[in-house]
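Please look over the model below before reading on.

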Amino acid sequence: MDVDVVKFKRPKKHNALDLDHLKEIYEDFESCKNAVVIYGEPSFCSGIDLDYFRNAEEKEIEEFAELANSLILKICSYPKPVIAFVKGYAIGAGFSIALACDSVIADENAVFSTGFAKLGIAPDMGISYLLPRVIGLKKALYLLMSAERITAEKAYELGIVQSFGELEDAIKLAKELDGNSVKYIKELVYHELKKHVEKEMSLALMSIKEIRGQQDG
């Protein structure tokens, strides 16, 4: 049974996302036909590229948000297993992408953070829907508000990480979970996600405008 691999492509930036990088990942995922493993070296994805975020035009930020949220919906509705293999940082958008995957295999030195509060913007890309369902409401609220960085061991204790391992273990799990039921399971589990993600995106864009307005003032 085959497994498609989607790899982040900016290792020197710890795979931070600008619009071009996001488009590459989106297109790579869109071309997948089999079970999927998403990963990056030396980090999974450290979130949005802050230099890009500070300098991008408003229309470009809107395009980024639409594409990023569309990627989350595509992962969650993909009819085969999608496994994240997390090394290094999974922060902000990177954490959101990992959570959208059906399971997370992590390196023991991985680091996770919601990240968004550090930028003063609303949580986005499904994280405020997915995280409370994984770890519980109060713990999720704390991690969303504090943007605390947590170890892989803590993420495992909270249920974010399924197990520790290497890329090969993630590929093996993707094969093991594949089956006809997957598409129905995901449709049932995520049937309310789209509406929530649309609300998240509107609030995230609103909060970005507020921050930029304060900076301009």
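The points below take the helix pair first, then the pockets.

1. This is a predicted model: local features need pLDDT of at least 70, side-chain atom pairs count only at pLDDT 80 or more, and totals for chains, interfaces and linings use all residues. Residues are numbered from 1 along each chain as its sequence is written, and side-chain values use heavy atoms, with hydrogens and water left out.

2. Helix H4 (residues 93–100) packs against helix H6 (residues 127–135) at about 60°, with axes 10 Å apart. H4 and H6 are therefore oblique to each other. (Helices are DSSP runs of H or I, at least four residues; strands are E runs of at least two.) On the H4 side, Phe95, Ser96, Leu99 and Ala100 make the contact; on the H6 side, Ile127, Leu130, Leu131 and Val134 do. Contact means heavy atoms within 4.5 Å.

3. The largest pocket holds about 520 Å³. Its lining has 30 residues, and Ser46, Gly47, Ile48, Leu50 and Leu119 are the closest to its centre. (A pocket is an open set of points on a 1 Å grid where a 1.4 Å probe fits, with protein on both sides within 12 Å along at least five of seven lines; lining residues have an atom within 4 Å of a point.) H3 supplies the largest share of this lining, 4 residues.

4. The second largest pocket has a volume of about 250 Å³. Among its 16 lining residues, Leu99, Cys101, Asp102, Val134 and Gly159 lie nearest its centre. H6 gives the most to this lining, with 4 residues. Leu99 and Val134 also belong to the H4–H6 contact.

How values were computed
Axes fitted to C-alpha atoms, helices over the stretch in contact; angles between N-to-C directions. Parallel < 35°, antiparallel > 145°, perpendicular 65-115°, else oblique. Points joined across faces, edges and corners; volume = space filled by probe spheres on them.
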